[in-house]
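Morning, everyone. Please look at the model on the screen while I talk you through its aromatic residues and a few others.

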Amino acid sequence: MISTIKLNPDEIRSLYWAKKYTVAEIANKLDISFWQLYNFMHKYNISCRKHSEANYVANKTKPKFNLKTHLSIADEKLKIAGIMLYWAEGTFVGNTVDFTNSNPEMVKIYIKFLREVCGVKEERLRVYLYAYPHHNIEELKAYWQSITKIPLSRFTQPYIRKGNKNLSGRKLLHGLVHIRYNDKQLIGVIKNWIDEYNVLWAGS
């Protein structure tokens, strides 16, 4: 068995955090035991990932997003805002991360969370519009494109509600927008984050 004295803390830190290796993968690469490496990391204060982040890394064979692991104070606030928005207005059914809202400021914050904290791939973002017959669909698409900065080519066929025409325009002036990202792993990460905050706050 190789002594931990020969291990380089900076190399271990780089493999674990920068290159997203798991502890088991690093141990195998360096031909040492899992627990030898784990104890070494503890000795040199190399922090371990949270449960939700560890799940993501363990299933990283074809990553469709890249979680930001070192968060500034502003990043932490954005993360909390994004999690709370998705908890209130997101869905956990199926394989698609789907956030629904009509408030442009909330949509901006949520998309910023996806891009800067979750590290989603731009080409996988989709927009699905919910509109009424009186809406001008092209104007509606242009409006939400200016809010989301997602190209119109990634706007899917909109849904136009029949019946209640909402002619006054006072409700859903710009329709309802779904921000979608097809990735079951990301749903799992967000759900784990919500569970962690729920335990922290609701359980206190």
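Tyr159 is partly exposed, at a relative accessible area of 38%. Here is the scale: buried is under 20% relative accessible area, exposed is over 50%, and partly exposed lies in between, with a 1.4 Å probe and protein chains only. This is a predicted model, so keep the rules in mind: local features need pLDDT of at least 70, side-chain atom pairs count only at pLDDT 80 or more, and totals for chains, interfaces and linings use all residues. Residues are numbered from 1 along each chain as its sequence is written, and side-chain values use heavy atoms, leaving out hydrogens and water.

Now the rings. A pair of aromatic rings is described by the distance of the centres and the angle of the planes. Rings of Phe, Tyr and Trp (its six-membered ring) pair if their centres lie within 6.5 Å; planes under 30 degrees apart are stacked, over 60 edge-to-face, the rest tilted. The structure holds nine aromatic pairs.

Take Phe99 and Tyr110. Their pair is stacked, with 4.2 Å centre to centre and 20° between the planes. Phe99 lies in strand β2 and Tyr110 in helix α6 (residues 104-118), so the pair ties together parts eleven residues apart in sequence. Helices (H or I, at least four residues) and strands (E, at least two) are DSSP runs, numbered from the N terminus. Phe99 is buried, at 0% relative accessibility. Tyr110 is buried too, at 0%.

Back to Tyr159. Its ring and that of Tyr130 have centres 5.2 Å apart and planes at 35°, so this pair is tilted. Tyr130 is in strand β3 (residues 125-131) and Tyr159 in strand β4 (residues 159-160), so to speak of distance, they are 29 residues apart.

Tyr86, Phe92, Phe99, Tyr110, Phe113 and Trp193 form one aromatic cluster.

Next, Thr100. Where is Thr100 found? In strand β2, residues 96-101. Thr100 is buried, with a relative accessible area of 17%. Its side chain makes a polar contact with the side chain of His178, at 3.0 Å. That term means a pair of N or O atoms within 3.5 Å; within protein, one must be able to donate a hydrogen and the other to accept it, and residues adjacent in sequence count only if both atoms are side-chain atoms.

Finally, the whole protein. It has eight helices and five strands. Buried residues make up 39% of its 204 residues.
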